[in-house]
Amino acid sequence: MSQNKWSEKFEEHEVQALLELENFIASNPDPRELKRALAVRMLIKGICRETIQNILGVSSPFISKWKINYALHGIEGLLLNYQGSQGQLKPEEQSEIIQWLTNKDHWDLSALENYIAEQYQIEFQSKTSYYRLFKLAGISWKKSQKKNPKGDEELVKKKHQEICETLEEHREAIESRKLVVYLIDECHLLWGDVCGYLWGKRNQRIEIPLVNEREKQTYYGAINYLTSQFVLREYATANSENTVAFLKDLQSLNPEARHLIIWDGASYHKYKEMKAYLEEINLGNKKDEWPLTCILFAPNAPEQNPVEDIWLNAKTWLRKFGTRLSSFSLVKWFFNFTIQQQSFDFPKLHKFGDFQPTFS
């Protein structure tokens with residue numbers, strides 16, 4: 001199924017799904033189910049995450065979890081999967097769970113939690129109890145860490161200070177929205193990105209059928225440093241032409257404001273059409289009045305850019321549900337669904353200073 005056909009199919013059911021959600025909320029469900037449903041409804045209606053967190057007293061991961069559960073399972077994904085409270089497994093029940101784990105080809109923590117809740121009406125207070133069951137079943141979890149050997153820590157610190165000072169110098173303009181600051185990055189999504197770490201039997205591979213693991217989609221993403229709103233756009237590839245198109249799109253969102261772009265030193269951020277566009281749009285203006293200004297992060301330091309964390313979060317969700325995404329069109333839809341038009345709030349977004357909008 002193509003991306004367009006999938007989108008059309010999703011839109012056909014959207015109204016009915018929202019009506020079912022409203023009816024579920026009106027049915028006076030369990031308070032925990034109600035909180036999940038309200039979070040999803042508010043998110044669908046375009047209410048930013050920060051507002052939802054303040055109103056419902058929930059965390060951002062809570063909102064993400066139930067949004068995706070609802071997308072995959074509908075109303076059933078919001079229901080309590082158990083009756084009663086915490087308890088202890090009997091020896092024979094523990095043996096049954098270990099056998100269940102042994103018979104499966106792949107695992108994730110939520111599946112184990114749901115299975116125990118449904119079969120034995122037990123939900124452990126600590127994740128350690130679930131991890132112990134994995135260990136008893138001979139299932140392990142391993143993950144490597146990556147480090148760029150070309151990174152210069154001193155240069156990273158210096159560039160961080162420069163960016164902080166630049167933003168602080170323009171605080172009044174930023175908080176009054178006369179200067180819009182975007183942190184930008186590109187993501188090249190491959191079908192093979194659904195292959196990640198899962199709970200599995202030792203010395204046994206977990207296989208996900210992929211027709212073409214190199215099939216890919218390029219995304220440009222920008223987060224507004226003041227509002228934390230994320231803008232996502234699809235392009236055939238990352239080049240100077242598409243970079244200019246993306247910047248024009250961003251400028252159209254705040255046509256009266258000047259824009260400050262912070263990104264890495266990719267060639268398509270600096271040369272060809274991009275260089276010509278900067279010269280054209282800033283011609284005849286003083287530097288502090290340029291409609292569009294670009295500054296760079298330190299080289300070989302992707303950890304400076306919070307957008308990298310947003311890509312990572314989306315790909316983590318992809319890997320978690322990779323066995324259910326049977327086509328690349330579904331992979332792209334799910335990737336979009338996890339981050340499109342979201343407002344994010346995590347510590348790294350404030351690493352260059354805290355800014356609050358002012359209104360005249």
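Helices (H or I, at least four residues) and strands (E, at least two) are DSSP runs, numbered from the N terminus. Residues are numbered from 1 along each chain as its sequence is written, and side-chain values use heavy atoms, with hydrogens and water left out. As the model is predicted, local features need pLDDT of at least 70 and side-chain atom pairs count only at pLDDT 80 or more, whereas totals for chains, interfaces and linings use all residues.

Two strands pair if DSSP finds at least two bridges between them. Strand S2 (residues 179-190) and strand S4 (residues 216-224) run antiparallel and are joined by 9 bridges; aspartate 185 stands opposite glycine 221 in S4. A further 6 bridges join S4 to S5, and these strands also run antiparallel. Isoleucine 223 has phenylalanine 230 in S5 as its bridge partner. The hairpin of S4 and S5 has 5 residues between the strands, and serine 228 takes a positive phi near 65° there.

The structure holds 12 aromatic pairs. Rings of Phe, Tyr and Trp (its six-membered ring) pair if their centres lie within 6.5 Å; planes under 30 degrees apart count as stacked, over 60 as edge-to-face and the rest as tilted. Tyrosine 220 and phenylalanine 246 form a tilted pair, at 5.3 Å centre to centre and with 55° between the planes. Because tyrosine 220 lies in strand S4 and phenylalanine 246 in helix H10 (residues 240-253), the pair ties together parts that are 26 residues apart in sequence.

Packing between helices was also examined. Two packed helices are described by the angle between their axes and the distance between the axes. Axes are lines fitted to C-alpha atoms, for helices over the stretch in contact, and angles run from 0 to 180 degrees between N-to-C directions. Helix H2 (residues 31-44) packs with H3 at an angle of about 155°, their axes being 10 Å apart. The two helices are therefore roughly antiparallel to each other; angles under 35 degrees count as roughly parallel, over 145 as roughly antiparallel, 65 to 115 as roughly perpendicular and the rest as oblique. Lys35, Leu38, Ala39, Met42 and Leu43 of H2 make the contact with Arg49, Ile52, Ile55 and Leu56 of H3. These residues divide into 7 nonpolar, no polar and 2 charged, where Ala, Val, Leu, Ile, Met, Phe, Trp, Tyr, Cys and Pro count as nonpolar, Asp, Glu, Lys and Arg as charged, and the others, Gly among them, as polar.

The axes of helix H3 (residues 49-56) and helix H4 (residues 60-73) come within 9 Å and cross at roughly 105°, which means that H3 is roughly perpendicular to H4. In this contact, Arg49, Ile52 and Gln53 of H3 meet Ser60, Ile63 and Ser64 of H4, giving 2 nonpolar, 3 polar and 1 charged residues.

Conventions: Contact = heavy atoms within 4.5 Å.
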